[in-house]
Amino acid sequence: LVTGYDNLWGAGELRLRKFDGEGFDNPARYTTGKTCVAHGTAISIPMTPNSPMPQNVGILKATAWWYDHRHDAALSVDNDRVRLEVLKGAASIVTDNGTDNKARVSVDTLVAGQYYYLRMTGTQVTSDVEGCGTDSTMVYWAYYWEDTARDDGDQSDYARPE
């Protein structure tokens with residue numbers, strides 16, 4: 001899947017790779033965080049913060065998820081909606097604009113020398129008690145990118161390419 005989640009497999013098969021030098025094939029980067037996303041606003045996070053995308057990077061995956069506490073009270077409400085995008089420079093190259101409380105995107109055509117960003121936009125956010133103020137929700141996110149050649153150390157023995 002390039003975007004979203006599968007009804008049967010979710011985000012895919014569990015592979016249990018380590019997010020370190022032994023589990024990744026360099027060049028690689030793995031980062032997590034959280035941020036408040038308000039209705040009608042966009043938050044951009046640089047995925048290549050210190051330099052452009054290096055040579056040989058073959059895959060980039062990102063996910064975001066959020067929770068609406070009104071569901072605890074069994075209230076009939078629409079989910080807060082947040083669009084997740086990957087941008088190459090200023091251009092959006094993949095988007096998950098689903099209506100669930102999670103989003104996922106994947107890119108396998110990365111260009112060395114370009115800057116990449118993760119952007120989250122509040123498209124329908126009406127939460128007020130998520131710790132972010134009026135019409136704003138806390139969004140948790142994670143992304144990684146790496147080389148997929150599996151040519152560093154003994155990774156080819158246990159880490160299948162994407």
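Mentor: Start with a term. A nonpolar core is a set of buried Ala, Val, Leu, Ile, Met, Phe, Trp, Tyr and Cys residues joined through side-chain atoms within 4.5 Å. Keep in mind that this is a predicted model.

Trainee: Okay. How many residues has the largest nonpolar core here?

Mentor: The largest nonpolar core has 25 residues. Met-47, Leu-60, Val-86, Leu-118 and Met-120 have the most contacts inside it.

Trainee: Which strands supply at least two residues each?

Mentor: Strands S3 (57-66), S4 (81-88), S6 (102-107), S7 (116-124) and S8 each do. The largest share comes from S3, with five residues.

Trainee: What's the general background to that?

Mentor: In soluble globular proteins, nonpolar side chains tend to be buried together.

Trainee: Pick Met-120. What is in contact with it, leaving aside neighbours within four places in sequence?

Mentor: Quite a list. Among the contacts of Met-120 are Thr-35, Val-37, Ile-43 and Ile-45. The list also includes Ala-64, Leu-84, Val-139 and Trp-141.

Trainee: Let's zoom out. How many helices and strands are in the protein?

Mentor: Zero helices and eight strands. From the N terminus on, the elements run β-β-β-β-β-β-β-β.

Trainee: And what share of the residues is buried?

Mentor: Buried residues make up 35% of the 162 residues.

Trainee: What about contacts between residues 24 or more positions apart?

Mentor: Take the contacts with a separation of 6 or more. Residues 24 or more positions apart account for 75% of them.

Trainee: Now the open sheet. What order do its strands have?

Mentor: The open sheet has four strands, in the order S1-S8-S3-S6, and the pairing is antiparallel.

Trainee: Which are the edge strands?

Mentor: S1 and S6. Each pairs on one side only. Neighbouring strands of this sheet are turned by 15 degrees against each other on average, direction ignored.

Trainee: Over how many bridges do S1 and S8 pair?

Mentor: Eleven, in the antiparallel sense.

Trainee: Which residues are in contact with Asp-147, apart from neighbours within four places in sequence?

Mentor: Asp-25, Asn-26, Pro-27, Asn-56, Val-57 and Gly-58.

Trainee: New topic. How many disulfides does a search of the whole structure find?

Mentor: One. That disulfide joins Cys-36 to Cys-132, with an S to S distance of 2.1 Å.

Trainee: Where do the two cysteines lie?

Mentor: Cys-36 is in strand S1 (residues 28-38), and Cys-132 is in the loop between S7 and S8, so the pair ties together parts 96 residues apart in sequence.

Trainee: Why is the disulfide left-handed?

Mentor: Because the torsion about the S-S bond of Cys-36 and Cys-132 is about -70 degrees.

Trainee: And how accessible are the two?

Mentor: Cys-36 has 31% relative accessibility and counts as partly exposed. Cys-132 has a relative accessible area of 17% and is buried.

Trainee: Last one. Where is Ser-51?

Mentor: Ser-51 lies in the loop between strand S2 (42-46) and S3. At 38% relative accessibility, Ser-51 counts as partly exposed.

Trainee: What separates the C-alpha atoms of Ser-51 and Tyr-115?

Mentor: 7.4 Å, although the two residues are 64 residues apart along the chain.

Definitions and conventions: Residues numbered from 1 in each chain as written. Predicted model: local features only at pLDDT ≥ 70, side-chain atom pairs only at ≥ 80, totals over all residues. Heavy atoms only, no water. Contact = heavy atoms within 4.5 Å. Buried < 20%, exposed > 50% of the residue type's maximum accessible area, 1.4 Å probe, protein only. Disulfide = S-S within 2.5 Å. Pairing = 2+ DSSP bridges. Axes fitted to C-alpha atoms, helices over the stretch in contact; angles between N-to-C directions.
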